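Please open the model in your viewer and keep the selection tool at hand.

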Amino acid sequence: EQQEMKSPMSRTLPVAEVALHIARGTTALAGLAAGAAVLDDTERARAARFRFDADRETYRAAHVLLRRALSAQASPAPAQWRFVAGGHGRPEIDTAASPAAAGLRFNLSHSRGLVCCAVTRAAPVGVDGECRRPLSDRAALAERFFAPSEAAAVRAAEAAGPDAAAEHFYALWTLKEAYVKALGLGLSMGLDRFAFSLGDGAPRSIGLTPEPDAPWPGGHWRCVLLRLDGGRCQVAAALPAPGGARFEMHLHGPAPLLPPEVAAATPGVELVPA
């Protein structure tokens with residue numbers, strides 16, 4: 001079923017098409033990692049540097065997923081993609097090796113048990129996936145790293161209980177990570193320079209107050225937050241798209257016990273299953 005949050009902006013602007021690929025769970029990640037023959041020497045070397053087998057498998061699974069997602073959008077086969085380091089070290093497609101991929105943008109995230117990537121031709125895109133870990137100092141972390149309004153929201157969520165507080169903290173964290181990754185800055189950008197807010201309702205609305213020198217106003221951003229496994233994991237994606245964004249969701253691996261749900265979104269976002 002298609003889920004949509006209407007935008008008050010004119011629909012004469014083009015809608016950004018984004019392919020959002022998600023794989024989670026040991027079976028799905030092992031299946032992807034088994035295809036690691038498509039990786040290049042640099043990726044294999046980076047995977048080998050991880051200390052634990054689970055982290056090596058997660059890295060391989062994420063990069064196999066990315067290559068397959070890119071090949072669904074342009075002609076090179078998964079093993080033929082080549083990458084270069086862009087600004088701030090952000091990986092980008094080597095379009096000299098793959099001219100047909102000119103204009104294709106992507107971002108990748110991996111955490112134990114969860115990998116995801118976003119691919120689009122519209123604009124820089126960021127994606128982040130997180131699964132909950134025990135955190136006893138959520139409020140302190142928010143006070144240290146988040147904007148004041150976000151830290152206050154985390155403190156307020158504590159009144160609803162630890163599960164609600166953890167979900168709210170990770171919702172803000174994944175949204176903020178996706179945003180800075182779309183900007184290509186990563187955590188070198190202070191996370192307290194901009195602020196997300198989550199409204200009421202189902203799905204919740206997402207508001208964004210960008211940093212003072214932001215290249216795009218807050219109303220141009222399209223963000224979506226997905227809730228997986230009853231809230232145990234969350235995936236966020238973000239990109240500047242004044243005309244709105246359509247996220248096509250691709251799930252990899254065995255059918256999940258609980259389907260992902262849209263936890264929150266900005267106006268102008270549509271999410272459809274592939």
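Helices (H or I, at least four residues) and strands (E, at least two) are DSSP runs, numbered from the N terminus. This is a predicted model, in which local features need pLDDT of at least 70 and side-chain atom pairs count only at pLDDT 80 or more, while totals for chains, interfaces and linings use all residues. Residues are numbered from 1 along each chain as its sequence is written, and side-chain values use heavy atoms, with hydrogens and water left out.

Begin by selecting E167, which is found in helix α6, residues 162-183. With a relative accessibility of 18%, E167 counts as buried (buried means under 20% relative accessible area, exposed over 50%, and partly exposed in between, using a 1.4 Å probe and protein chains only). Apart from its neighbours within four places in sequence, E167 is in contact with R132, R227, G231 and Q234, where contact means heavy atoms within 4.5 Å.

Next, select E17 and R246, whose side chains meet in a salt bridge at 3.3 Å, N to O. E17 belongs to strand β2 (residues 16-24) and R246 to strand β12 (residues 245-252), so the pair ties together parts that are 229 residues apart in sequence. E17 is partly exposed, with a relative accessible area of 43%, and R246 is likewise partly exposed, at 26%.

Move on to strand β8 (residues 195-198) and strand β9 (residues 204-209), which pair in the antiparallel sense over 4 bridges; two strands pair if DSSP finds at least two bridges between them. S197 has G207 in β9 as its bridge partner. The two strands form a hairpin with 5 residues between them, and in the turn G201 has a positive phi of about 100°. Select P203 in the loop between β8 and β9, and look at the peptide bond from A202 to P203, which is cis, with omega near -5°.

Key: A salt bridge is a side-chain nitrogen of Lys or Arg within 4 Å of a carboxyl oxygen of Asp or Glu.
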